[in-house]
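Please find below a colleague's note on the model shown here.

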Amino acid sequence: MKTEHLISMVNRIGQFFQAMPDHDEALEGIALHVKRFWEPRMRRELLDYLDKQGGKDISPVVLEALRQHRQLLA
């Protein structure tokens, strides 16, 4: 899957959860959604992109969620 498509998808997930009043709950929600519904190879590609590109083009709330819950996603 193209990395650009993964970034677009994860940013849309972030938009949904960002509306939650509890910021920590939103971060966990983003990570849990990616863990539950994305194939392992999709998660690996996203984390690899994060490592190599520093997460450019990924929304700040998603970056925070990925960094905070990386162990869950690996």
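1. V10 is buried, its relative accessible area being 0% (buried means under 20% relative accessible area, exposed over 50% and partly exposed in between, with a 1.4 Å probe and protein chains only). The residue V10 belongs to helix 1, residues 3–18; helices are DSSP runs of H or I with at least four residues, numbered from the N terminus. Leaving aside residues up to four places away in sequence, V10 touches V34, W38, L46 and V62, where contact means heavy atoms within 4.5 Å.

2. On the basis of the note: this is a predicted model, in which local features need pLDDT of at least 70 and side-chain atom pairs count only at pLDDT 80 or more, while totals for chains, interfaces and linings use all residues. Residues are numbered from 1 along each chain as its sequence is written, and side-chain values use heavy atoms, with hydrogens and water left out.

3. H69 is placed in the loop between helix 4 (60–68) and helix 5 (70–73). With a relative accessible area of 19%, H69 is buried. Its contacts, not counting residues up to four places away in sequence, are L27, E28 and A31.

4. E28 also belongs to a negative surface patch, together with D22, D24, E25 and E64. Such patches are made of residues with over 30% relative accessible area and no salt bridge, like charges being joined within 9 Å. Helix 2 (residues 23–37) gives the most to the negative patch, with 3 residues. D22 lies in the loop between helix 1 and helix 2 and is partly exposed, at 37% relative accessibility.

5. How many salt bridges are there? The count comes to 3, a salt bridge being a side-chain nitrogen of Lys or Arg within 4 Å of a carboxyl oxygen of Asp or Glu. One of them joins R41 to E39, with the closest N and O atoms 2.7 Å apart. Both partners are partly exposed: R41 at 47% relative accessibility and E39 at 38%.

6. K52 pairs with D48 in a salt bridge whose closest N and O atoms are 3.3 Å apart. Both residues lie in helix 3 (residues 40–53), 4 residues apart, or about one turn of the helix. K52 is exposed at 63%, whereas D48 is partly exposed at 35%.

7. R70 and D51 meet through their side chains in a salt bridge of 2.7 Å, N to O. This pair links distant parts of the chain, with R70 in helix 5 and D51 in helix 3, 19 residues apart. R70 counts as partly exposed, at 27% relative accessibility.

Technical notes:
Helix = DSSP H or I, 4+ residues; strand = E, 2+ residues; numbered from the N terminus. Patch = residues over 30% accessible without salt bridge, like charges linked within 9 Å, V, L, I, M, F, W, Y side chains within 5 Å. Areas by Shrake-Rupley, 256 points an atom, 1.4 Å probe, with all protein chains shown as cover. Lys, Arg positive; Asp, Glu negative; His and termini not counted. Charge placed at Lys NZ, Arg CZ, Asp CG, Glu CD.
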